[in-house]
Amino acid sequence: MGNKCQVLMVEDDMGIANFMSTILLSNNYGVLRAKNGETALMMVSSYCPDVILLDLGLPDIDGLDVVRQVRTWSRIPIIVVSARSNEKDKVAALDLGADDYITKPFGSEELLARIRTALRHAAGSDSAVEMPLTGVFHTGGLTVDYDKRHVYVDGVDVHLTQNEYKIVSLLSRYAGRVLTYDHIIRSVWGPNSSGDNQILRVNMANIRRKIEKNPGDPAYIFTEIGVGYRMAEGE
Amino acid sequence: MHLPKKKTKLSVRDAGISFGIFLFTCILCALLRFVGGHANYASMLFILSVFMTARFTEGYVWGIAASLIDVLTVNYLFTYPYFHFNFTLAGYPITMICMLAVSLATSALTSRAKLVERIRIEAEHEKTRSNLLRAVSHDLRTPLTSILGATSAVIEHGETLSQQERVELLEGAQEDACWLIRMVENLLAVTRVDADGGGQIVKTPEAAEEIIAEAVAKFKKQFPDANVQVRVPDELLIVPMDSVLIGQVLMNLMENAVVHGEKTTHILLSLTKRNNRAFFEVEDDGVGIDPEKLPHIFDGTLPQDNFSHINGKRSMGIGLSVCNTIVRAHGGVLEAKNRPEGGASFSFSLSITEDQNGQ
């Protein structure tokens, strides 16, 4: 741990900024603070932080514009901080290239978990995601074997259809991160498929009946209502 | 107070009513003529029909139209010479003026009565809202006071307090803040139902089991000790709803089971399909609901000192009345009962088919 990870926090509310930076500093992160979008964009280019925590409601420019502009030249992980009941904003931010979101109000555990996930994916993003998948993924009793294209629950082989396997392996590759409905549909059914969530929902219901002990209380694949799906963190 | 502008559009319904009344009167007059032969009552009956038309339709248009048509009809069909217009009849202008006057006066009275009714409903709405606002403000003050007290105690007397005392004070503040967040979520839910003033909501088809799963996951985050069991059917139920609001209902019902069940150890949240409706039920094994309070449990009118601060736990009266509002806006009914084996049960059902009858 030679260098601390630098977190750029873009937040205009002093109270929230203070509490987040206290948590981050005490967990050994370096903190950069920006109060508005313009400053944030400047700081991204001059300091190259390891992760950006971005509040969408900024006083000067739309938070979504910040995502858009950063993504034109950088793949720095962006975690969007948003108020509840704004599913559209969350989805828009994710589709523009934000990596994840966290909903206000949130606790310190949640914040740290999201940052860890984002950093881990960032570390692997340049090589691993682009390459064909090999190896295995574990979370709890769920195992995805990318070589054999098989999924096991507690050691028992689960028979998934082609599309079901594609969905599970896609989610497992981004485990811990939320993937929007659109992202999943485009990856599984191709870029020209219609934006109908229904078929994805039906597939997900079938997957859950195969891999979850209780589809009404899932342990592996969680729903983020109105946004998408998230698989439990891998081990 | 803002009143919606009266619709000037002519509705099909009103056209039907006007035509129906007209036809009925014509047939009645024709029948009476076969029986009696005398024609004087025709004018009277048509005046009555103009009155009815003006009474049961919106605005003035249909009443006036009816009075004109009726005058002509009486003239053409039911006065000598039959099946001819004759505008030289004695007293004809008077009949005409009478009918017009009846129509105008009735329409005016009716519109006025309808306006008064609308104002009354609006006032009622306003009253419930201000009642809710008062209850909420009252409820918000208590935890805010305790947060303020705890934090200033730590800031001002931090050195003289023991570590444990500080932690206890801050934990109290944390608990109160969590409660405030839940309360605010409820208020946001109410405004979402109330957004257009008419209690309209936007329904989208959602997988019911996903809504349940998310509500349970969130609930477990807030109440890690709660023991919640979930049961969903094998069939995937796609239900048109506002997912945020129904999620809020389920959260409130589970929270209610924990907070007011007092000795609740198990909560069962189940989803079943009954008569083409998705049936949601939250059951607990707590102390159940006081039978005296059962009829008033949803309307938020329970006396504050009776219902709040049971065991130091704050009122869920607002949470339940929010649930009721949301379920009603979805075209369902929230039902509460005590289970024979002990504990309370709250249930509601939503239509699975796409028809937007919840309007």
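Guide: Of the 235 residues in chain A, 34% count as buried (20 or more other C-beta atoms within 10 Å of the residue's own, with C-beta atoms placed from the backbone; 12 or fewer is exposed, and in between is partly exposed). This is a predicted model, where local features need pLDDT of at least 70, side-chain atom pairs count only at pLDDT 80 or more, and totals for chains, interfaces and linings use all residues. Residues are numbered from 1 along each chain as its sequence is written, and chains are lettered from A and ligands numbered from 1 in the order in which they are written.

Visitor: How many helices and strands are in chain A?

Guide: Chain A has eight helices and twelve strands. These are DSSP runs numbered from the N terminus: H or I of at least four residues for helices, E of at least two for strands.

Visitor: Which residues of helix α3 in chain A are buried?

Guide: In α3 of chain A, residues 63–71, the buried ones are A:G63, A:V66, A:V67 and A:V70. They lie on the same side of α3(A), because they cover an arc of only 100° around the axis. The arc is that of the directions from the helix axis to the C-beta atoms.

Visitor: New topic. How many residues are in the largest nonpolar core?

Guide: That core has 100 residues, and A:L54, A:I79, B:I212, B:L250 and B:M254 have the most contacts inside it. A nonpolar core is a set of buried Ala, Val, Leu, Ile, Met, Phe, Trp, Tyr and Cys residues joined through C-beta atoms within 7 Å. Helix α7 of chain B, residues 243–261, gives the largest share of this core, nine residues. A second, separate core of 17 residues includes B:I21, B:M52, B:A54 and B:M99.

Visitor: And what is B:I212 in contact with?

Guide: Leaving aside neighbours within four places in sequence, B:I212 is in contact with A:G216, B:V230, B:V232, B:L250, B:L269 and B:L271. Contact is when the C-beta atoms of two residues, placed from the backbone, lie within 7 Å.

Visitor: How many residues does each chain give to the contact between A and B?

Guide: Chain A gives 14 residues and chain B gives 19 residues. On the side of chain A that touches chain B, α8 (197–211) and β11 (221–224) are the elements that give two or more residues.
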